[in-house]
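Subject: the structure for you to look at

Hi,

Here is the structure I promised to pass on.

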Amino acid sequence: MSTTRLTESATAPFTERIIAAFIDIIIVIGLCFFPRVGWMIGIIYHLTRDSMPFLYGQSFGKHLMQIKVIALPQKTSLTRYPEKSIIRGLVMMIPILNIIDIWYFLTKGYRLADKWAETTVVRHVKDDDSEGMDGSST
């Protein structure tokens, strides 16, 4: 089984974050087409997507783009901190906050949700030599 190791770069590139977000939005919209419970599954996915243990604390979009949200200052995966994933998701669901969050991201390079949840998005690579599954730097 492979483990993950974070690279030394501070944050993931802007374009990779946008593409990952777009993939996740398509997944949420697709889930909403399922009758009766699809919208609930979509909301649950949106709120917990960065703390999914079966994807090592990544959403499907972030998994494909090889980026990951980590908790600060521990630099560990959000699988241990699902509340941080929920904070990040809620900010995008509240109409005024999501506009402010996007403005922060475009002007300052980080999301307001990242500041509130004490998280950051970094590149990560899979590595069979690492000793921990928690996503911490080696």
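Let me start with a residue on the outside: arginine 36 counts as exposed because its relative accessible area is 78% (buried means under 20%, exposed over 50%, and partly exposed in between, with a 1.4 Å probe and protein chains only). Arginine 36 sits in the loop between helix H1 (14-32) and H2, and its phi is near 65 degrees, a positive value in a residue other than glycine. Helices (H or I, at least four residues) and strands (E, at least two) are DSSP runs numbered from the N terminus.

Before you read on, some ground rules. This is a predicted model, in which local features need pLDDT of at least 70 and side-chain atom pairs count only at pLDDT 80 or more, while totals for chains, interfaces and linings use all residues. Residues are numbered from 1 along each chain as its sequence is written, and side-chain values use heavy atoms, with hydrogens and water left out.

The overall picture

The chain has six helices and four strands, and from the N terminus the elements run β-α-α-α-β-β-α-α-α-β. Of its 138 residues, 41% are buried. Taking contacts (heavy atoms within 4.5 Å) between residues at least 6 apart in sequence, 66% join residues at least 24 apart. The accessible surface is about 7900 Å², and 68% of that belongs to carbon and sulfur atoms; areas come from the Shrake-Rupley method with a 1.4 Å probe, and for residues only the protein chains shown count as cover.

Salt bridges

A salt bridge here is a side-chain nitrogen of Lys or Arg within 4 Å of a carboxyl oxygen of Asp or Glu. By this rule there are seven. Arg17, Asp50, Lys62, Arg88 and Asp114 are linked in a network of them.

Arginine 17 pairs with aspartate 114, with the closest N and O atoms 3.1 Å apart. That pair links distant parts of the chain, since arginine 17 is in helix H1 and aspartate 114 in helix H6 (residues 112-117), 97 residues apart. Arginine 17 and aspartate 114 are buried.

Arginine 88 forms a salt bridge with aspartate 50 (3.1 Å, N to O). Arginine 88 lies in helix H4 and aspartate 50 in the loop between H2 and H3, so this pair ties together parts that are 38 residues apart in sequence. Arginine 88 also forms a salt bridge with aspartate 114, and there the closest N and O atoms are 2.0 Å apart. Because arginine 88 is in helix H4 and aspartate 114 in helix H6, that pair joins parts 26 residues apart in sequence. Arginine 88 counts as buried because its relative accessibility is 3%, and aspartate 114 is buried too, at 4%.

Cores and a patch

A nonpolar core is a set of buried Ala, Val, Leu, Ile, Met, Phe, Trp, Tyr and Cys residues joined through side-chain atoms within 4.5 Å. The largest has eight residues: Ala12, Ala20, Ile67, Val69, Ala71, Leu78, Tyr81 and Val121. Strand S2 (residues 67-71) gives the largest share of this core, three residues. A second, separate core of five residues includes Val28, Tyr45, Met52 and Leu55.

Helix H2 (38-48) and helix H4 (82-93) are the elements that give two or more residues to the patch, and H2 gives the most, with five. Methionine 40 lies in H2 and counts as partly exposed because its relative accessibility is 39%.

Spots in the loops

Glutamine 58 lies in the loop between H2 and helix H3 (60-65), yet it is buried, with a relative accessible area of 0%. A polar atom of its side chain lies 2.7 Å from the backbone oxygen of isoleucine 67.

In the loop between S2 and strand S3 (76-77) you will find proline 73. A cis peptide bond joins leucine 72 to proline 73, with omega about 0 degrees. Lysine 75 is in the loop between S2 and S3, and its phi is near 60 degrees, a positive value in a residue other than glycine.

Cheers

How values were computed:
A polar contact is a pair of N or O atoms within 3.5 Å; within protein, one must be able to donate a hydrogen and the other to accept it, and residues adjacent in sequence count only if both atoms are side-chain atoms.
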